[in-house]
Amino acid sequence: MSSANQATPFWAWLVGRHPKKRTLAIAGVGGLLLGIVAVATNDVVWWAKVILFALAFDLAAGFVSNLSHSTRSFWSSRSFFLRATYVFAHLSVYPLAIWILVSSSVLGGLL
């Protein structure tokens, strides 16, 4: 089977096909640190802390990952439509999460 016919592994969409261990470590540690700081500095209900941690981790780890050669080369070989769709789908979560976090006291009361 040719490589063009093989499915792209999920991991490659996030960090490219051949990420360096150093990049993965920096992205992971950066994501953890920003997530911990975000949760520790906000007084919200536990489920909002989970959302906040996930967003902070995603921002920090994604920032580092997007600077890596592996991720840039992976995405540069994709069509503009696929890149735009990925960015739109990825970023569409943020307005919903922000809305949940801002109105967490109202939603927390409902839950």
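These are my notebook entries on a predicted model of one protein chain.

**Entry 1, the chain as a whole.** I began with the secondary structure and found seven helices and zero strands, so that, reading from the N terminus, the order of elements is α-α-α-α-α-α-α. I then looked up burial, and of the chain's 111 residues 27% count as buried. The exposed surface comes to about 7,900 Å², with carbon and sulfur atoms supplying 73% of it. For contacts, I took those between residues at least 6 apart in sequence, and of these 68% join residues at least 24 apart.

Which residues make the nonpolar surface patch of about 410 Å²? I noted Phe10, Trp11, Leu14 and Leu24 as its members, and I saw that helix H1, residues 10–15, gives the largest share, with three residues. Leu24, for its part, belongs to helix H2, which spans residues 21–40. I checked how open Leu24 is and read a relative accessibility of 31%, which is why Leu24 is counted as partly exposed; the partly exposed class lies between under 20% for buried and over 50% for exposed.

I followed H2 to its crossing with helix H3, residues 46–67, where the two axes come within 7 Å and cross at roughly 145°. Is this crossing of H2 and H3 left-handed or right-handed? I recorded the crossing as right-handed. On the H2 side I listed the residues that meet H3, among them Thr23, Ile26, Gly30, Gly31, Leu34 and Val39, while the H3 residues that meet H2 include Lys49, Phe53, Ala56, Phe57 and Val64.

Ala54 has its place in helix H3, and I found its relative accessible area to be 43%, so Ala54 is partly exposed. I also looked up the separation of Ala54 from Val39, which is 15 residues in sequence and 9.9 Å in space, taken from C-alpha to C-alpha.

Ser65 lies in helix H3 as well. Why does Ser65 count as buried? Its relative accessibility is 5%, and Ser65 is therefore classed as buried, the limit for that class being under 20%. I then asked what Ser65 is in contact with once its neighbours within four places in sequence are left aside, and I wrote down Leu14, Val15 and Thr71.

Technical notes. Residues numbered from 1 in each chain as written. Predicted model: local features only at pLDDT ≥ 70, side-chain atom pairs only at ≥ 80, totals over all residues. Heavy atoms only, no water. Patch = residues over 30% accessible without salt bridge, like charges linked within 9 Å, V, L, I, M, F, W, Y side chains within 5 Å. Areas by Shrake-Rupley, 256 points an atom, 1.4 Å probe, with all protein chains shown as cover. Salt bridge = Lys/Arg side-chain N within 4 Å of Asp/Glu carboxyl O. Helix = DSSP H or I, 4+ residues; strand = E, 2+ residues; numbered from the N terminus. Buried < 20%, exposed > 50% of the residue type's maximum accessible area, 1.4 Å probe, protein only. Axes fitted to C-alpha atoms, helices over the stretch in contact; angles between N-to-C directions. Left-handed = near helix turned anticlockwise from the far one by under 90°. Contact = heavy atoms within 4.5 Å.
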